[in-house]
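Please find below a short note on the model under review.

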Amino acid sequence: MGKRLRLRRVPGGCLHLVLTLTNRHIKSQVVDKAGGVVVVSAATVESLVAERIFAQGNGPGDGERPPGWDDSYARASMRAARVVGQTLAEKARAIGITEVLWVCHNLLDASKRGSIWLTFRNGGS
């Protein structure tokens, strides 16, 4: 297992983790609040992330698609959330980010946000 990225839950840092979830896509960003710049991001609309989601199977169970399955909904699944968190962690580690501020109240680890957060915190593993 790689080195864990440190997520701070107290104000004072300048890099923030920002998550955007819709019914069809997930987007995560590390934003420099001081400069107002997105430092690194990962989203299900990126080809690398989409390939990882569908390589692991995109339907329920072992990757089988039920009748009427719409691939766009697979991009907003828990599996997609883990892939987005993993990709964001890899990109952040590659440019030397070791500490990010995470401000979220009532975070449930079983949620998509929790899945992204845990995967990112664990350095993508």
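1. Two strands are taken as paired if DSSP finds at least two bridges between them; strands themselves are DSSP runs of E with at least two residues, helices are runs of H or I with at least four, and both are numbered from the N terminus. On this basis Leu19 stands opposite Ser28 in β3, and Leu17 faces Val30 of β3.

2. The model is predicted: local features require pLDDT of at least 70, side-chain atom pairs count only at pLDDT 80 or more, and totals for chains, interfaces and linings use all residues. Residues are numbered from 1 along each chain as its sequence is written, and side-chain values use heavy atoms, with hydrogens and water left out.

3. The protein contains four helices and five strands. Their order along the sequence is β-β-β-β-α-α-α-β-α.

4. Strand β2 (residues 15-21) and β3 run antiparallel and are joined by seven bridges. The two strands form a hairpin, with four residues between them.

5. On β3 there is a further pairing, with strand β4 (residues 37-43): the two run antiparallel and six bridges join them. Lys27 has Ala43 in β4 as its bridge partner. β3 and β4 also form a hairpin with four residues between them, and Gly36 in that turn has a positive phi of about 65°.

6. How much of strand β3 is covered? Five of the seven residues in β3 (residues 26-32) are buried, where buried means under 20% relative accessible area (1.4 Å probe, protein chains only). For the protein, buried residues make up 39% of its 125 residues.

7. Helix α1 (residues 47-55) and helix α3 (residues 78-94) have axes that come within 9 Å and cross at roughly 135°. The axes are lines fitted to C-alpha atoms over the stretch in contact, and angles run from 0 to 180 degrees between N-to-C directions. α1 and α3 are therefore oblique to each other, since angles under 35 degrees count as roughly parallel, over 145 as roughly antiparallel, 65 to 115 as roughly perpendicular and the rest as oblique.

8. Which residues meet where α1 and α3 cross? Leu48, Val49, Arg52 and Ile53 of α1 meet a set of α3 residues, among them Ala80, Val83, Val84 and Glu90; contact here means heavy atoms within 4.5 Å.

9. Of the contacts in the protein with a separation of 6 or more, 63% are between residues 24 or more positions apart.

Conventions:
Buried < 20%, exposed > 50% of the residue type's maximum accessible area, 1.4 Å probe, protein only.
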